[in-house]
Amino acid sequence: MFTIADMGSKRLEKVLVKDKTEDPKKLAEIIKSDIYILLQNYMELKNLDVNFDVDIEGYTLNIKAEAKRIKTFGILQN
Amino acid sequence: MARKIVLTSGKGGVGKTTICANLGVRLANLGFRVALVDVDIGLNNLDVIMGVENKVVFDLSDVIMARCRVKQALIQDSRYPSLYVLPSAHTDVKAKISGENIKNVIDMMDPNFDYILIDCPAGVDTGFHRAVFSANEALVVVTPHISSIRDADKVLSILSSYNLFSTSLVVNRVRGDLLLNGEMISVEKVSELLGVKVIGVIPDDDEVSTLSSLGAFSLNSAGTRAFSLLAENIHNGTRKVYDCTLKYRGFVGALRRSIKKRV
């Protein structure tokens, strides 16, 4: 049975998601700068695209990184 | 070293100050040295809830402005000798007080207490940051209502940028009858929506609100038992929460629910 509490919860879920979708581009920029630093340990980056989408189903992060050169793996620890 | 816990919520009127006072009493009752610090400058109420408003000589702003020492501003509770209140200024001196100033005062108090509970103002502006700056743990007070949960979500996002040791939820004003009737968002759902674990559940107890008007505390009510569990959880790191639905279960419970609904 669908109760008033269930209806309230569903409504609230949507509100909380909506609050977070207000500025996904800004969030994507922040994530991008962090990922850029991380990936630079492994490769010389040519291009990095980060898209962050939020909908009621959840959060999707798409990252596309193009590298000019992969750094030598021999020096990386397992 | 004292544990410095800020009680915050985002939304006003959810019971931060009442929980701060009652939690302080319960911790003091367990034998700990507790200080309650009112950082809600200009809209302070902790002194009234604690029933010490007539004993205030100096306040937090006096300590910061070096007009007195911390010891002179702290008010000892006559009922619980290990419980102290540091009241806040009732006049607007906010502009002159920074988070750093408050942190200095709290650091001065540190060696003399086991717990320092910081009562944070509502909202997420300067007052909020000033209060959180001195803390190393946070209790986010929330009621099972949409507006309160939404504001708590925003507060939790901001708190994540602070280097806090732990952040937990206290769900206040929970009504067992409404929970069983499916008319109130459950504590589990609140925790799931906010992604934070619940450390305390406080029932909507008339006795707690009635006695707070008198600056007194109940010794044997549902609220008292819930606050005792909260205090034990905080100290022991456990997560035993009060079951608000207990008295509304079974035949007698159903009768209670039915009467409450009609009234």
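Helices (H or I, at least four residues) and strands (E, at least two) are DSSP runs, numbered from the N terminus. This is a predicted model: local features need pLDDT of at least 70, side-chain atom pairs count only at pLDDT 80 or more, and totals for chains, interfaces and linings use all residues. Residues count from 1 along each chain as its sequence is written, while chains are lettered from A and ligands numbered from 1 in the order in which they are written.

**View 1. An open, mixed sheet in chain B.** Eight strands line up as S3-S4-S2-S5-S1-S6-S7-S8. Strands pair if DSSP finds at least two bridges between them. S3 (75–76) and S8 (198–203) of chain B are the edges; each has a single partner strand, so one side of each lacks a neighbour in the sheet.

**View 2. The S3(B) edge.** S3(B) pairs with S4 (residues 83–86) of chain B in the antiparallel sense, over two bridges. Here Gln76(B) stands opposite Tyr84(B) of S4(B).

**View 3. Helix H11(B) across two strands.** H11 (residues 222–236) of chain B lies across S7 and S8 of chain B. H11(B) runs at about 170° to S8(B). Axes are lines fitted to C-alpha atoms, for helices over the stretch in contact, and angles run from 0 to 180 degrees between N-to-C directions. Contact means C-beta atoms, placed from the backbone, within 7 Å.

**View 4. H5(B) beside H6(B).** The axes of H5 (residues 99–109) and H6 (residues 126–133) of chain B come within 8 Å and cross at roughly 30°. That makes the two helices roughly parallel (angles under 35 degrees). Gly99(B), Ile102(B) and Lys103(B) of H5(B) meet His129(B), Arg130(B) and Phe133(B) of H6(B).

Conventions. Angles under 35 degrees count as roughly parallel, over 145 as roughly antiparallel, 65 to 115 as roughly perpendicular and the rest as oblique.
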